[in-house]
Amino acid sequence: MFRETCQIDTALASLDKAIDTHYTWLVNIMVEIASAKTSAAEIIPASSHESCPVGRWLQSKPRAEHGEGVCIQAIYHAHSRLHESGHQLLLAVSEGRVSEHEFTDFKSCLQLFSSATNDYRKYLLNMRNGIDALTGLPGRRALDETFSQRLQAAQGRAVYMLMLDIDRFKNINDSWGHLVGDAVLRALARQLREWAQGCDTAYRYGGEEFILLLCAAGDEEACKIALRLCNAIADRTIYHDDLALRITATLGVTRVRTGETLTRAQERADAAMYRGKQTGRNRCMFMDAQGEIRHFVG
């Protein structure tokens with residue numbers, strides 16, 4: 001699931017803090033062993049990776065088979081290997097039987113851990129760069145780059161694309177100016193973010209167009225969700241300074257077919273939405289597997 005930029009910044013800061021604290025912890029262990037204050041087995045038990053700062057940080061993170069979870073899994077495995085290697089190294093030092101092998105293995109595990117944490121940092125930064133600056137939603141780039149992952153995350157459930165366009169948005173800019181237009185876009189983005197749940201994700205596709213990817217049991221349920229969203233947008237008042245504005249939107253809905261490209265799904269959703277614009281706006285239009293478009297009224 002995509003997050004707001006402040007959440008990503010917090011994740012980056014917590015990652016950096018955990019790693020800094022972790023390295024300080026390892027240095028302190030080396031000092032303890034060098035000064036012979038205690039034994040390596042007491043300082044670094046085999047399960048120490050679960051209790052160190054990074055271990056505690058990892059316990060609060062999901063380890064899934066896609067997206068961010070893959071990065072977390074890699075850090076978890078590299079971290080546990082690093083601690084096991086450190087345990088063996090310091091145990092060998094304390095018993096006076098250390099060899100080059102222990103140091104080489106520890107160095108290799110340390111590099112693996114560093115590589116895994118750097119990959120996660122790159123993942124978070126890439127996610128941050130894919131967020132639309134105005135609305136805080138993931139943008140077109142993020143949709144392009146993660147479309148296949150979003151389908152995988154659905155775990156076999158049907159995925160539908162909703163393309164949404166604000167009706168007569170140009171009139172808002174012409175009547176009250178672009179600052180008011182920007183406020184409307186941000187308000188709608190907040191509403192779409194609230195609306196998106198579970199595997200659902202909302203994107204700002206460009207201008208006044210937004211795309212939602214959502215999971216549904218079938219065509220009927222997907223259309224009902226889209227219609228409720230259409231009505232919810234029309235029912236909400238947007239306040240900006242001394243203005244109270246009401247907007248409507250037209251939605252085009254289509255099921256994403258197995259193995260198809262993002263472009264093909266977009267073409268159908270866009271065609272359905274365009275038909276809605278032609279036939280009255282403020283409505284939900286659905287394109288089925290045969291390419292037929294119908295106005296869904298519940």
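This is a predicted model: local features need pLDDT of at least 70, side-chain atom pairs count only at pLDDT 80 or more; totals for chains, interfaces and linings use all residues.
Buried residues are those under 20% relative accessible area, exposed ones are over 50%, and partly exposed ones fall in between (1.4 Å probe, protein chains only).

View 1. Residues are numbered from 1 along each chain as its sequence is written, and side-chain values use heavy atoms, with hydrogens and water left out. Helices (H or I, at least four residues) and strands (E, at least two) are DSSP runs numbered from the N terminus. In α8 the buried residues are V180, G181, A183, V184, L185, A187, L188, A189, Q191 and L192. An α-helix has 3.6 residues a turn, so residues three or four places apart point the same way.

**View 2. The span of helix α8.** Residues 178–195 form α8, which has 18 residues. From first C-alpha to last, α8 reaches 25 Å, close to the expected 26 Å; the expected value is 1.5 Å times one less than the number of residues.

**View 3. Residue F103 in helix α5.** F103 belongs to α5, which covers residues 100–129. F103 has a relative accessible area of 46% and is therefore partly exposed.

**View 4. The protein chain as setting for the close-ups.** The protein chain contains 10 helices and eight strands. Its C-alpha trace spans about 85 × 45 × 25 Å along the principal axes. Of the 298 residues in the protein chain, 47% are buried.
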